[in-house]
Amino acid sequence: MSGHDEHVPYSLPRHGEGEMRRRLDAMHAHMEARRSIRHFSPDPVPLDVLERAVHIAGTAPSGAHKQPWSFCIVTDPALRQRIRTAVEEEEYRSYHGRMSRKWLVDLEPLGTDHIKPFIEEAPALIIVFRKVFDRDEVTGEKNPNYYVQESCGIAVGFLLAALHEAGLAALTHTPSPMNFLAELLERPENERTFLNIPVGWPADDARVPNLSRKPLNEILFHYRPDAHEDGV
Ligand code: IYR
């Protein structure tokens, strides 16, 4: 039997209905206030706070519990300068040829372009790598990981929620293609870049697009008994 084959008892506290609603209403108000930020204050963030957020990300479920992720916290200004240069070269190619006209139109409300000052301005980058396989430590054999994209997506969701809980802002930045980041950070052969996440406090003059979120009735579909009455 390997590690987690042994099953152990588990239970959760049962909240009353009112308590469940209070908790989720409070969580909704809190999460509703989360925004992607592109203008950061350079104020340094305590490293152990970022470590705690990564610790929380690492509690995410994953395919066959393989935990197929690595999180790199980059605070070194020299390295961030090299990353920015490489990112802007890739982004220039994306904005000037690789992205479709429709894509560029969709991005107009965000006001993005290939210039990425936040890579140097934010006090830290958390660069997430997905592990497409793992090597057996003894035999060197390649062992597969499963649902790696889904697993890493969930872990990043936890990470963003954790950073927001700490009052920190983040951006999910996806330079494309982005594997140059794995090369710059000299990641092992089994890792592919998943996301670049600049983190910090918003700059004093930070502004965000005036976005609204889809109402519940546009994203939620019920399949329940007696659903034929009044459409509710
Ligand atoms: N990766 C580019 C383009 C970009 C794409 C999407 I989809 C966005 O939501 C935002 C930007 C960039 O970071 O500018």
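Reader: Is Arg213 buried, partly exposed or exposed?

Author: This is a predicted model, in which local features need pLDDT of at least 70, side-chain atom pairs count only at pLDDT 80 or more, and totals for chains, interfaces and linings use all residues. Residues are numbered from 1 along each chain as its sequence is written, and side-chain values use heavy atoms, with hydrogens and water left out. Buried means under 20% relative accessible area, exposed means over 50%, and partly exposed lies in between (1.4 Å probe, protein chains only). With a relative accessibility of 40%, Arg213 is partly exposed.

Reader: With which residue does the side chain of Arg213 meet in a salt bridge?

Author: A salt bridge is a side-chain nitrogen of Lys or Arg within 4 Å of a carboxyl oxygen of Asp or Glu. For Arg213 the N to O distance is 3.3 Å, and the partner is Glu32.

Reader: How many residues apart in sequence are the parts that this pair ties together?

Author: Helices (H or I, at least four residues) and strands (E, at least two) are DSSP runs, numbered from the N terminus. Glu32 belongs to helix α1 (residues 17–32), whereas Arg213 lies in the loop between β6 (191–200) and α8 (216–219), so the parts tied together are 181 residues apart.

Reader: What separates Glu90 and Arg93 in helix α3?

Author: These two residues form a salt bridge, with their closest N and O atoms 3.6 Å apart. Glu90 is buried at 13%, while Arg93 is partly exposed at 44%. Because they are three residues apart in helix α3 (residues 77–98), the separation is about one helical turn.

Reader: Is Lys131 buried or exposed?

Author: Lys131 forms a salt bridge with Asp134, the closest N and O atoms being 3.6 Å apart. Asp134 has a relative accessible area of 22% and is partly exposed. Lys131 has a relative accessibility of 19% and counts as buried.

Reader: Which residues do salt bridges that share partners join into one network?

Author: Opposite charges on side chains can pair when the charged atoms come close. Here, shared partners link the salt bridges into one network, made of Glu19, Arg22 and Arg23.

Reader: How many salt bridges does the count come to?

Author: The pairs above include Arg213 with Glu32 and Glu90 with Arg93. By the stated rule, the count comes to 12.

Reader: In which helix does Phe158 lie?

Author: Phe158 is partly exposed, at 32% relative accessible area. The helix that holds Phe158 covers residues 148–165 and is α6.
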